[in-house]
Amino acid sequence: MTDFYSTLGVEKNASDADIKRAYRKKAQESHPDKNQGDKDAERKFKEVQEAYEVLSDKQKRSQYDQFGSVSGQGGGGAYYQGAAGFDPSQFGGFADIFESFFGEGGGFGFGGGKSRKKTGPIRGQDIETRIKIKFEEAVFGVTKYLEITKPEQCDPCKGTGAEPGSAIKTCDQCKGQGQVRSTRQTILGAISSVHLCPQCQGRGEIPDQICKKCNGQTRVKQSGEVSVQIPKGIEDGTTIKLKGKGAAGVLGGEYGDLYLEIRVAEHPKFFREEKTIFSSESIPLVQATLGATIKVDTIHGKETVKVPAGTQDGTVLTIKGKGAPSLKSEALGDHKVTIHLKVPEKLSRKERELYEQLAAEGGIEVSKGGFNLF
Ligand SMILES: [Zn+2]
Ligand SMILES: [Zn+2]
């Protein structure tokens, strides 16, 4: 599908007046009266009409901006459109599908909406959803089961839209031609054009009775479980594409895809940046001063870490190979622990004496007695 804005030669933010002006100009240039027998001009003229029809209509324009197609334009999938009992809001287009299936569900939306043929098999819509997993699950990988509600092929009619056993008859609207001619009044006069038959969508035939279950829509909304293997090392915000797990196609069209956005929950102790996992530990002042061996929590369990004598507050120590893998490589990154120093808040009498001796030894002036809580 050509872009309607470029067809008219206007910017995406063009005003209604700009669009009207551009339309007049383009339509005059390619008008059939001026270009007798010029197939290219004829096609161009039709495109201009189509673009103007959408962009001059506030509602259609905003739908087009959002979804790249418009109800009834992109062939939302209704085969027996116009047949008795047809509910145009059920499968009319992207906006309609969005509302009727997932409007209240939250977190769902549809992508796609690109050019589609109006006849023959129509690919099912892509579906987007997201899932929140634990920090550990992102590091080690996990299998998740999602409950997804989406359009599936109607079972009783096997996706034909015809009531089982129903006879198939020639479409009465187009007399089996699949096309209808219509005349429209435009600002340039009456324009006669050939359209796809709205009743049979160009097939030339319709069932005598439409399927009661799906109302001729060929698909019905169904809930089902989808299992997803989330690979280890996945990062927050990554989207996984599950091919063929989207909406069922129409009239033998293939399934759409399911796009799953992965959100990773925060961890109370760890923070991750790609393959590196960060944490912090507070150690007593004496350990930092004299040096010590301490236990540090990593995502893989407790690790023994040597704190050198004279370690300063804020020093970062690296534990090799105790971080996370990435989607590209199984090799684990590092764990980095930031050392903080704990200054004692309360001292025993003995400890206080020792600290005072330490101060005297270093010739450092300190408050004597008095301030001690004991
Ligand atoms: Zn027809
Ligand atoms: Zn059916």
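## A guided tour from strand β10 to the zinc site

Buried denotes under 20% relative accessible area, exposed over 50%, and partly exposed in between (1.4 Å probe, protein chains only). Strands (E, at least two residues) and helices (H or I, at least four) are DSSP runs, numbered from the N terminus.

The model is predicted: local features need pLDDT of at least 70, side-chain atom pairs count only at pLDDT 80 or more, and totals for chains, interfaces and linings use all residues. Residues are numbered from 1 along each chain as its sequence is written, chains are lettered from A and ligands numbered from 1 in the order in which they are written, and side-chain values use heavy atoms, with hydrogens and water left out.

Next, display the neighbours of β10. Strand β2 (residues 127-133) pairs with β10 in the parallel sense over seven bridges; pairing requires that DSSP find at least two bridges between the strands. Select T129 to find its bridge partner in β10, L260. On strand β9 (residues 239-242), the pairing with β10 is antiparallel, over four bridges, and T239 has E261 as its bridge partner.

Now select the zinc ion (ligand 1), which is coordinated by the SG atoms of C171, C174, C197 and C200 at 2.2 to 2.3 Å. Donors are N, O and S atoms within 2.8 Å of the metal (3.2 Å for Na, K and Ca); water is not among the atoms, so sites may look incomplete. The angles among the four donor atoms of the zinc ion run from 105 to 116 degrees, and the site is tetrahedral (four donors, all angles between 85 and 135 degrees). C174 lies in the loop between β4 (168-170) and β5 (179-186), and C200 in the loop between β6 (189-196) and β7 (205-207), 26 residues apart. Both C174 and C200 are buried.

Finally, turn to the aromatic rings, of which the whole structure holds three pairs. Rings of Phe, Tyr and Trp (its six-membered ring) pair if their centres lie within 6.5 Å; planes under 30 degrees apart count as stacked, over 60 as edge-to-face and the rest as tilted. Y23 and Y52 are stacked, because their ring centres lie 3.8 Å apart with planes at 5 degrees. Y23 belongs to helix α2 (residues 16-30) and Y52 to helix α3 (residues 39-55); both residues are buried.

Conventions. Tetrahedral: all angles 85-135°; square planar, octahedral: opposite > 155°, others 65-115°.
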